[in-house]
Amino acid sequence: ASGVSLAADSVWSFTTAAAVGGTFGNTSSAGNDDWGTDWLNGSKFNSGSLSGPLLSLSVYQANASSGQIQAAVYLDNGSGPGSLVATSQAVDLQPAAGWLTLNVTGGPTIAANTDYWLLINTNSSVSVLRYTTGSAGQGNWTASGAAFGTWPASPAWLPGENLYAIYASVGAAGAVCGNGSQEAGEQCDLGAGNGPGSCCTS
């Protein structure tokens with residue numbers, strides 16, 4: 001109507017959440033048990049379409065045990081694990097079988113369509129690793145022992161077929177575990193005040 005001022009058009013802006021990452025590796029707990037005390041054991045997996053920060057590594061504990069377990073990520077060099085990319089926190093083994101999540105603080109960016117080796121190291125005195133049979137060269141272990149917590153830069157490897165129960169969780173770009181900010185790919189992030197790698201992933 002004449003003389004009535006019309007309200008200005010509303011302007012809406014929308015922010016699209018970054019795509020949540022995912023996992024790559026072997027998420028099945030089926031298979032055989034393996035003894036891995038003071039050795040590096042692991043398998044090669046491709047990251048597929050995932051691209052983002054490495055948040056954690058999850059390992060299936062096959063049997064009740066004391067001691068600790070740790071995991072790491074290596075790049076593939078064409079014949080086995082090459083350069084070390086990242087290591088996880090060491091966690092206590094549990095009095096029952098089940099999946100263990102090993103957080104990675106300030107994890108590097110995982111590149112899409114890239115082959116990585118996910119390796120396990122434990123000081124348990126019992127068979128706590130789980131594996132199935134994969135393809136030739138998909139599983140590897142060190143040619144000589146590796147003390148718990150030791151991650152050689154370029155160790156000697158023996159080829160195998162063991163497909164270990166281990167997988168990596170990758171967040172969306174920008175997510176950093178332990179920075180106190182809940183970002184895409186994280187269900188929580190408690191920050192450095194609660195210890196390194198204080199976050200949980202979806």
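Leaving aside its neighbours within four places in sequence, I166 is in contact (heavy atoms within 4.5 Å) with G25, N26, F45, S58, V59, A71, W99, L118, L119 and I120. The model is a predicted one, in which local features need pLDDT of at least 70, side-chain atom pairs count only at pLDDT 80 or more, and totals for chains, interfaces and linings use all residues. Residues are numbered from 1 along each chain as its sequence is written, and side-chain values use heavy atoms, with hydrogens and water left out.

**Nonpolar cores**

- I166 is one of the residues with the most contacts inside the largest nonpolar core, together with F24, L54, L57, I69, L118 and I120.
- This core has 27 residues; a nonpolar core is a set of buried Ala, Val, Leu, Ile, Met, Phe, Trp, Tyr and Cys residues joined through side-chain atoms within 4.5 Å.
- Buried means under 20% relative accessible area, exposed over 50%, and partly exposed in between, with a 1.4 Å probe and protein chains only.
- At least two core residues come from each of strand 4 (52-61), strand 5 (68-76), strand 8 (98-103), strand 10 (115-122), strand 11 (129-133), strand 14 (162-164) and strand 15 (166-170).
- A second, separate core of 8 residues has A72, Y74, A146 and W157 among its members.
- In soluble globular proteins, nonpolar side chains tend to be buried together.

**The chain as a whole**

- The protein chain contains 0 helices and 17 strands; helices (H or I, at least four residues) and strands (E, at least two) are DSSP runs, numbered from the N terminus.
- Of the 202 residues in the protein chain, 44% are buried.
- Residues at least 24 apart in sequence account for 74% of the contacts in the protein chain between residues at least 6 apart.
- The accessible surface of the protein chain is about 9,500 Å², and carbon and sulfur atoms contribute 51% of that area, as computed by the Shrake-Rupley method with a 1.4 Å probe, where for residues only the protein chains shown count as cover.

**Strand 4 and its partners**

- Strand 4 is largely enclosed by the rest of the structure, because 10 of its 10 residues are buried.
- Strand 4 pairs with strand 9 (residues 109-110) in the antiparallel sense over 2 bridges; two strands pair if DSSP finds at least two bridges between them.
- Within that pairing, G52 stands opposite I110 of strand 9.
- Strand 15 runs antiparallel to strand 4 and is joined to it by 5 bridges, with L54 opposite V170.
- Strand 8 also runs antiparallel to strand 4, through 6 bridges, and L100 is the bridge partner of V59.

**Q61 in strand 4**

- Q61 belongs to strand 4 and counts as buried because its relative accessibility is 1%.
- The side chain of Q61 reaches the backbone oxygen of Q94 at 2.6 Å.
- Beyond its neighbours within four places in sequence, Q61 is in contact with L93, Q94, A96, A97, G98, L100 and V128.

- Strand 11 and strand 14 are joined by 3 bridges, and Y131 stands opposite Y164 in strand 14.

Methods
Polar contact = N/O pair within 3.5 Å; in protein donor to acceptor, adjacent residues only side chain to side chain.
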